[in-house]
Every structure is written in C-alpha cells, then in structure tokens.
Amino acid sequence: MSLDYNKKNVVLAKNLRKGATRQEKHLWYDFLRHYVPCFQRQKAIDNFIADFYCHEAKLIIEIDGS
C-alpha cells in the first residue's frame, strides 16, 4: 500500500537525507539501517516529511534537536 504524498516534497526529502544531522545519522547507521522491520529515511507523507518511517509497525520517528 502506497501513502499519499506531495510530489514537491520528494526533492526536499532527498536533500534532507544528504544533509542529515549528527543525531539522525547516529540513529540510522547504528540502529535502524538494518533493523527488522524495515525503516525508511526522510519519507514524504501527505504534506510532511517524516525523519524515519516504518510501514509494517505503523511508526514514525521524529528527531528534533540533540
């Protein structure tokens, strides 16, 4: 099942993946990258971009600040 998203946010999401914060990199490379169930980084959902998204667990993780 695909989620609705704003196509304008796809380019922004790609740029956010490239410019991830230190905390986002730590969570991704040290924990979520190979975690089962699978997570996606900077996922465009509706008019928002979630830092981390897991469809199977129906979970969104947002990292703000340190």
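Accessible areas come from the Shrake-Rupley method with a 1.4 Å probe, and for residues only the protein chains shown count as cover. By that method the protein exposes about 5200 Å². Carbon and sulfur atoms supply 54% of this area.

This is a predicted model, in which local features need pLDDT of at least 70 and side-chain atom pairs count only at pLDDT 80 or more, while totals for chains, interfaces and linings use all residues. Residues are numbered from 1 along each chain as its sequence is written, and side-chain values use heavy atoms, with hydrogens and water left out.

View 1. Helices (H or I, at least four residues) and strands (E, at least two) are DSSP runs, numbered from the N terminus. From that end, the order is α-α-β-β-β. The radius of gyration is 12 Å, close to the 11 Å that the globule rule gives for 66 residues, so the protein is as compact as a globular protein of that length. This radius is taken over C-alpha atoms, and the rule is 2.2 Å times the number of residues to the power 0.38. The C-alpha trace spans about 30 × 25 × 15 Å along its principal axes. Of the 66 residues, 29% are buried (under 20% relative accessible area; exposed is over 50%, partly exposed in between; 1.4 Å probe, protein chains only).

**View 2. Trp28 and Phe52 form a stacked aromatic pair.** A search of the whole structure finds two aromatic pairs. Trp28 lies in helix 2 (residues 22-32) and Phe52 in strand 2 (residues 48-54), so the pair ties together parts 24 residues apart in sequence. Both residues are buried. Rings of Phe, Tyr and Trp (its six-membered ring) pair if their centres lie within 6.5 Å; planes under 30 degrees apart count as stacked, over 60 as edge-to-face and the rest as tilted.

**View 3. Asn9 sits in helix 1 (residues 8-18).** Asn9 is buried, with a relative accessible area of 12%. Leaving aside residues up to four places away in sequence, Asn9 touches Ala44, Asp46, Asn47, Phe48 and Ile49. Contact means heavy atoms within 4.5 Å.

**View 4. Lys14 also lies in helix 1.** Lys14 is partly exposed, with a relative accessible area of 45%. Lys14 and Ala44 are 30 residues apart in sequence. In space, their C-alpha atoms are 9.6 Å apart.
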